[in-house]
Amino acid sequence: MSRSVLLLRAVNVSGRNSVPMARLREVLATETDLADVSTYIASGNIVCATPKNPDAACSAVRVAIHEEFGVDTPVIHRTHAQLVASESAQPFPEGDVKFVHAMFLEGSPSAGAVEALEERRLPEERIALIGNDLWIDYGSGGVHSTKLTKAVLDRALGVAGTARNLRTTRTLIELTA
C-alpha cells in the first residue's frame with residue numbers, strides 16, 4: 001500500500017488555529033474516506049494511505065477541519081515518491097537540517113515568483129524552485145531573521161504553500177515509506 005502525507009498550513013502555530021491532533025484523527029476517521037491515518041507532530045502532518053483522489057481528499061479534510069475546529073487551512077498532498085524526489089533534488093545538501101526548508105506548494109507558483117523572492121532574501125539565504133516545491137536555505141540566521149515572511153512568500157508565489165524543515169521532511173519520508 002502506498003502512503004502519502006497531507007500537509008496542513010499554519011495550524012497550532014503561535015497559539016492560533018488550534019487543531020488538536022488526537023481529535024483530528026477521530027474526525028478524519030468519521031468524516032473522510034482516508035485510511036490508515038496517523039499524525040506527526042502538532043504542526044499538521046497527516047500520514048495516510050494514498051487516497052484514490054488526492055484533490056477530493058484534500059478538499060474533504062479542509063472542510064472537516066473547518067467544520068470541527070473553525071480553522072480554514074489549505075491541505076497539500078504529497079506521495080512518498082514525491083517527497084523522496086523533492087528531497088533528493090533539493091539543492092542545499094550542505095545546509096543545516098533545521099534551516100533548510102521545503103515549502104510544499106498547492107500548485108505552480110506565479111511567473112516571476114522566484115525572481116521576486118530573490119530580491120527580498122538576505123545575502124546568506126538561498127532559494128530554488130524544484131517542481132512545485134520551493135526550497136529555502138535560511139542560513140545561520142534561521143527563519144526568525146528572514147525577510148521571506150509568510151506574507152512575502154504568499155504574495156510572490158500566488159499559491160498556498162506550507163513549509164517543513166529538512167529534518168521533518170526526512171521524517172515524513174520515513175513515515176510514508
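Trainee: What share of the 177 residues in the chain is made up of buried residues, and what makes a residue buried?
Mentor: Buried residues make up 47% of the 177 residues. A residue is called buried under 20% relative accessible area, exposed over 50%, and partly exposed in between, with a 1.4 Å probe and protein chains only. This is a predicted model, in which local features need pLDDT of at least 70 and side-chain atom pairs count only at pLDDT 80 or more, while totals for chains, interfaces and linings use all residues. Residues are numbered from 1 along each chain as its sequence is written, and side-chain values use heavy atoms, with hydrogens and water left out.

Trainee: How many helices and strands does the chain have, and in what pattern do they follow one another?
Mentor: There are six helices and eight strands, in the order β-α-β-β-α-β-α-β-α-β-β-α-β-α. Helices (H or I, at least four residues) and strands (E, at least two) are DSSP runs, numbered from the N terminus.

Trainee: Why is the chain called as compact as a globular protein of that length?
Mentor: The radius of gyration, taken over C-alpha atoms, is set against the globule rule, 2.2 Å times the number of residues to the power 0.38. The chain has a radius of gyration of 16 Å, close to the 16 Å that the rule gives for 177 residues, and is therefore as compact as a globular protein of that length. The C-alpha trace spans about 50 × 30 × 30 Å along its principal axes.

Trainee: Why is strand S1 described as largely enclosed by the rest of the structure?
Mentor: Six of the six residues of S1 (residues 3-8) are buried, so the strand is largely enclosed. Both faces are covered, with Arg3, Val5 and Leu7 buried on one side and Ser4, Leu6 and Leu8 buried on the other.

Trainee: How do you know that S1 pairs with strands S3 and S4?
Mentor: Two strands pair if DSSP finds at least two bridges between them. Five bridges join S1 to S3 (residues 45-49) in an antiparallel arrangement, and Leu6 stands opposite Ile46 there. S1 and S4 (residues 75-79) are likewise antiparallel, over five bridges, and Leu8 has Val75 as its bridge partner in S4.

Trainee: Is Thr168 buried or exposed, and which residues does Thr168 touch?
Mentor: Thr168, in helix H6 (residues 166-176), has a relative accessible area of 11% and therefore counts as buried. Leaving aside residues up to four places away in sequence, Thr168 touches Tyr40, Ile41 and Asn45. The C-alpha atoms of Thr168 and Asn45 are separated by 9.6 Å, although the two residues are 123 residues apart along the chain.

Trainee: Why is Ile41 called partly exposed?
Mentor: Its relative accessibility is 42%, so Ile41 counts as partly exposed. Ile41 lies in the loop between S2 and S3 and has a positive phi, near 45 degrees, in a residue other than glycine.

Trainee: Where does Asp36 lie, and what makes Asp36 partly exposed?
Mentor: Asp36 is in the loop between helix H1 (21-31) and strand S2 (38-40). With a relative accessible area of 46%, Asp36 is partly exposed. Its phi is positive, about 55 degrees, although Asp36 is not a glycine.

Notes. Contact = heavy atoms within 4.5 Å.
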